[in-house]
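I opened this notebook page to record what I looked up in the model, starting with open space and then turning to strands and whole-chain totals.

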Amino acid sequence: MFKFGVFGWQAIGVACYVFALLFTSGSVVAQSDASPNLERGAASATLGPNPGRLLLDSGAVTNWTPNSGMQRVFRGTIHVPTAMWIRLNFNLAQLSGEIGRPDASYMLIISEFDGAVQQLYAEHIPQWSNRSAYFNGDTVHIEIYAAHGTGPSHVRINSLTWGEPGFLDRSICGPQDDRVPSADPRVARVLPAQCSAWLVENQPNSLLSAGHCAIGAGNVIQFNVPASTIGGSMRHPSPEDQYPVDPSSVQVQNGYIGVGNDWRFFGTFENSNTGLSPMQAQLGSFRISPTIPPIDGRNVRVTGYGQMSMPAPLVYNYIQTTHFGALTGSQNNTIHHLADTTGGNSGAPLIDEVTGLAIGVHTHGGCNGMGSNRATATRNVGLRAALAAPIGKAATKDGIRFEFPGSRPAVVNPLGGTPITVRVSNSLTRNLVPEIANLHVLNGSTWIQIPMVVGANSTAVVTFPPLTNCAGPVRYYFSALNSLGETDTWPRNAPANSFVAIAANSSSVYASNDFQTASGWTFWGEASLTSGRFKVAKPNANDLHAPSKDFDGSSRCLLTGSDANEDVDHGATRATSPSINLALAQNPYMSFAAWFSSSLPDHRSMFVQVSSNAGATWTTIDTIKQTDGWEMKVYRILDHVPLTTGFRVRLETGDGPEASIVEAAIDRFRVEELSCIPCTLPSTNGPEPREAQIARLLSLWNAGDLLADLNADNQIDIFDILILLNQSLSNCP
């Protein structure tokens with residue numbers, strides 16, 4: 001067994017048979033294709049006993065042919081004689097075009113041995129820490145594809161890793177190695193850390209492993225690993241089954257790393273070929289036990305990717321194998337067991353054969369020295385704290401999906417009855433428990449839960465309840481129970497984050513714009529801005545990140561791009577309102593429907609700023625990041641600036657050198673005084689003309705029906721009729 005001090009850790013690095021070949025400057029000349037308008041290149045490199053300095057350099061390659069679609073502009077080859085597998089390191093990987101656009105350039109890496117292909121766009125390069133997936137065989141081909149007008153791409157490779165694993169001593173609990181091949185889709189191999197890891201707690205990107213495994217940037221998680229060669233050399237799965245680790249997601253035990261305190265929790269990025277998370281592709285994960293089971297003769301199982309040595313078949317070397325043995329004891333957070341393990345099994349789940357729950361992380365051998373192998377219990381307080389507070393990609397959540405076939409309401413009636421249509425459907429990893437879905441509305445300081453009946457078409461229509469917190473914003477969210485017993489919410493982190501509407505019926509409107517015209521709004525673009533300046537236009541249904549239609553159905557809105565593939569590029573843009581006179585206002589609110597989308601959502605925003613001195617100075621009141629389609633935004637103006645004759649609002653967004661997609665839009669802009677006086681009488685017959693409402697009110701008034709008490713003073717009198725009559729002259733809709 002591979003020993004570190006006295007602890008017998010079973011993690012190994014890429015063993016002595018794996019070489020890192022490092023080279024300095026140099027070049028391989030790119031050969032031009034016969035086509036004069038399509039700049040193509042070709043290059044090849046072969047590693048012999050004395051390899052050259054530079055393995056591959058595409059040079060700057062560009063598609064110069066208009067209307068040619070995606071064309072291959074470079075093809076190169078790297079060949080390593082006798083290599084069993086290859087992984088490339090990029091010291092330059094510049095892929096042209098805008099991140100997220102269908103015409104962005106991409107690279108293909110192709111194994112000549114088995115035809116496995118990895119597709120990489122510009123955003124995937126940092127996710128993979130400037131490396132490729134692992135490829136079987138001694139030869140890979142590198143191809144670059146580009147569309148016309150996207151600029152040059154350039155790929156340079158001056159180092160790689162290749163080789164085959166070495167063999168280490170075993171830690172077998174008995175006279176022979178009893179492990180057999182297995183195919184648990186939840187357990188993965190980790191390279192180059194050479195450990196095992198496993199999907200955990202139905203979090204689609206999250207895995208657990210051993211703390212002493214050096215899992216971080218540059219490590220790759222592999223599922224569905226094929227058998228090794230007859231000599232024991234690793235084979236690798238298709239790139240569709242390989243996932244790069246997100247280094248920002250890693251949490252590891254505090255303090256001393258040793259038996260009982262040896263765990264690592266982390267997440268991965270989605271697969272660059274499929275876009276799927278590991279759990280979406282593998283369709284399963286382990287549930288964790290908060291306790292250690294009793295020592296009652298039960299067996300426990302270890303499933304992982306340990307090494308094999310003869311007389312065991314070497315095709316089992318570093319593939320997934322499994323064995324069960326007795327649970328022999330526990331002390332504090334250490335579990336003792338007799339399941340066979342070897343180097344490479346570190347990080348594997350320790351599974352209770354009675355319950356099927358994961359009760360520990362296998363970390364240490366000892367059967368051939370201390371009488372048992374050992375694991376860190378999943379009840380470890382630090383481990384459980386990390387699971388409860390995931391970071392980075394480990395925090396990605398999956399769950400029941402909520403969609404809204406129509407727009408969410410901008411205004412809800414405080415008397416209740418405003419409808420909203422919701423489509424509730426299963427995700428790839430969770431199923432809806434029928435009829436256990438709810439609308440939650442914050443009424444004052446209390447959340448009200450309104451059950452939703454989800455029909456056969458996965459659609460429910462639910463209405464808002466009567467509200468006491470009228471004349472202001474109202475918060476709400478949705479929840480549903482899934483088949484795993486979890487409650488999923490939308491938005492995902494509700495109620496901390498929730499949707500917003502305005503609870504009001506009538507108002508004094510100081511400014512209103514549905515953006516059929518600019519109506520005094522002005523637009524500015526930075527000198528470097530190449531596209532995406534704010535303007536009033538009709539949305540383009542074919543655009544990738546922009547809204548396909550406006551919010552209020554008037555057909556136009558204020559947005560940054562109305563043409564397909566038009567968005568904010570290489571600079572900032574602003575939209576500024578005209579001055580709005582609020583000198584006589586009492587308690588006005590500003591509201592609008594907002595849309596913001598970016599292919600780099602953590603790095604792009606739309607800033608909302610207000611001014612009380614006609615734009616001489618500005619105060620930022622909100623930073624809008626990725627929205628769920630159109631979202632209502634509501635702001636009490638007095639919370640930010642005094643009320644003057646020179647109130648203005650402006651919106652600003654931009655794009656930087658990363659060439660990401662940035663799309664922003666607003667619609668249904670209002671600055672208004674909110675009121676709780678109802679615009680209409682409650683009716684079960686749908687909308688009524690004002691004359692019919694007045695006639696019905698008089699009938700209710702004569703009958704003494706409290707539905708006619710419009711000012712809620714518990715009396716039915718002439719003042720209720722005057723309210724309805726006055727609304728005919730007001731801004732009530």
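The volume is the space filled by probe spheres set on the points, which are joined across faces, edges and corners.

The model is predicted, and local features need pLDDT of at least 70, side-chain atom pairs pLDDT 80 or more, while totals for chains, interfaces and linings use all residues. Residues are numbered from 1 along each chain as its sequence is written, and side-chain values use heavy atoms, without hydrogens and water.

I found about 2000 Å³ of space in the largest pocket. Its lining has 49 residues, and Lys393, Ser598, Pro601, Asp602 and Gln626 are the closest to the centre. Helix 1 (124–127) and strands 32 (472–482), 34 (499–503) and 43 (631–636) each give at least two residues to that lining; helices (H or I, at least four residues) and strands (E, at least two) are DSSP runs numbered from the N terminus.

I next noted that 6 strands close into an antiparallel barrel in the order 13-14-15-18-17-16, where pairing requires at least two DSSP bridges. Within it, strand 17 (residues 242–252) and strand 18 (residues 264–268) share 4 bridges, and Gln251 stands opposite Phe265 of strand 18.

For the chain, I recorded 5 helices and 45 strands, and 56% of its 733 residues as buried, meaning under 20% relative accessible area with a 1.4 Å probe, protein chains only.

Definitions and conventions
Buried < 20%, exposed > 50% of the residue type's maximum accessible area, 1.4 Å probe, protein only. 1 Å grid on protein atoms, 1.4 Å probe; cavity = no way out; pocket = protein on both sides within 12 Å on 5 of 7 lines; lining within 4 Å.
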